[in-house]
Amino acid sequence: MAQDLLLPEFIYPRLKSHRLGKTIHHLLETGSTNDGARQLAEQGAPEGTLVLAEEQTRGRGRLGRSWLSERGAGIYASILFRPVLKPRDAAVLTLVAAVAGSEAIEHASRLNADIKWPNDLLLSGRKCCGILSEMQAERDDIRYVVVGIGINVNHSLFPEELGQRATSLRIEGKQTYSRVALLCEFLLRFELLYDDLQRGNLATVLQRWVDRSTFAFGKQVTVDLGSGRKLEGQTAGLSEVGNLKVKLADGHVEEVVSGDIVVWR
Ligand code: BTN
């Protein structure tokens, strides 16, 4: 599908966002689009700058994992933000990206993408999209945040070890989808939510996350907090800054700032 390359000349005519994607850097192959966006950020690139690749050779995931980035099959994109937020509040940007991704997938494919805290998107319980935000801050100010998103769009197959956990829109919807259309929809929704966030409407944004996630309330989970620490309990919504609240067996509610839900029922 040559017309579905993520080339700026295919994207600009369909772009409905005003700032996100206004400047596009398209690469056929790169290590990681997040690295490209960080470099551009250091050179003073404006907010909304978008780095896209058809293939990544060192795609990164959260917690030191890698992100499989098959040529031409997925969306591998990084967006540069210069938000007026305190560093401790920057994590909400990834929640915003997850809501935008879930909404865009539903709009483009009619598939219902669940959000697993903090920002994995799942179709039929398998991951179809991941988000990796990387921040550069100085003292109490954010210099920039790069939000990287990988969406498995037209992958027809995953390596065996991934197949149990990963899926694509194509596998679930039994058809291929336009990456350009999905990306443009994502950018628009992300921009609208980001504007809401910048206007101080964090509660509205978090409510949209809760509405789209079956993980928000009443899910029995084990959360891996890193360094061998684990937390077990039932999810009890998001805190006012987007942390996951987990009710422990003794009734005490813990807030998880960062971690990985490893088991859920
Ligand atoms: C995760 O679920 O662990 C996050 C995956 C993020 C993958 C995307 S693909 C585009 C951008 N570049 C990267 O190297 N990673 C992100």
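Helices (H or I, at least four residues) and strands (E, at least two) are DSSP runs, numbered from the N terminus. Residues are numbered from 1 along each chain as its sequence is written, and side-chain values use heavy atoms, with hydrogens and water left out. This is a predicted model, in which local features need pLDDT of at least 70 and side-chain atom pairs count only at pLDDT 80 or more, while totals for chains, interfaces and linings use all residues.

**Stop 1: Arg110**

Select Arg110, which is found in the loop between H3 and E4. The phi angle of Arg110 is near 70°, a positive value in a residue other than glycine. Is Arg110 buried or exposed? Buried means under 20% relative accessible area, exposed means over 50%, and partly exposed is in between (1.4 Å probe, protein chains only). Arg110 counts as exposed because its relative accessibility is 64%.

**Stop 2: Trp117 and Pro118**

Next, select Trp117 and Pro118. The peptide bond that joins Trp117 and Pro118 is cis, with omega about 0°. Pro118 sits in the loop between strand E4 (114-116) and strand E5 (120-123).

Then select Leu122, in strand E5. Leu122 is buried, as its relative accessible area is 7%.

**Stop 3: Arg212 and Glu106**

Select Arg212, in the loop between helix H7 (202-211) and strand E8 (217-226). With a relative accessible area of 22%, Arg212 is partly exposed. Which residues does Arg212 contact, leaving aside its neighbours within four places in sequence? Contact means heavy atoms within 4.5 Å. The contacts of Arg212 beyond those neighbours are Val99, Ser102, Glu103, Glu106, Ala113, Asp114 and Ile115.

Side chains of opposite charge can pair when their charged atoms come close. A salt bridge is a side-chain nitrogen of Lys or Arg within 4 Å of a carboxyl oxygen of Asp or Glu. Arg212 forms a salt bridge with Glu106, and their closest N and O atoms are 3.0 Å apart. Arg212 lies in the loop between H7 and E8 and Glu106 in helix H3 (residues 92-109), so this pair ties together parts that are 106 residues apart in sequence. Glu106 is partly exposed, at a relative accessible area of 29%.

For a distance check, select Ser168 together with Arg212. These two are 44 residues apart in sequence and 19 Å apart in space, C-alpha to C-alpha.

**Stop 4: Arg179 and Glu54**

How many salt bridges does the structure hold? There are 20 salt bridges in the structure. Select Arg179 and Glu54, whose side chains meet in a salt bridge (2.8 Å, N to O). This pair links distant parts of the chain, 125 residues apart: Arg179 is in helix H6 (residues 179-198), and Glu54 is in the loop between strand E2 (50-53) and strand E3 (75-81). Arg179 is buried, with a relative accessible area of 2%. Glu54 also counts as buried, because its relative accessibility is 1%.

**Stop 5**

Select Glu138 and Arg143. They form a salt bridge, and the closest N and O atoms are 3.9 Å apart. Glu138 is partly exposed, with a relative accessible area of 43%. Arg143 is partly exposed, with a relative accessible area of 30%.

**Stop 6: His155**

Select His155, in the loop between strand E7 (141-151) and helix H4 (160-163). His155 is buried, with a relative accessible area of 0%. Leaving aside its neighbours within four places in sequence, His155 is in contact with Glu70, Ala73, Gly74, Tyr76, Ser168, Arg170 and Ile171.

**Stop 7: Ser227**

Move on to Ser227, found in the loop between E8 and strand E9 (229-238). Ser227 is not a glycine but has a positive phi of about 50°. Ser227 counts as exposed because its relative accessibility is 77%.
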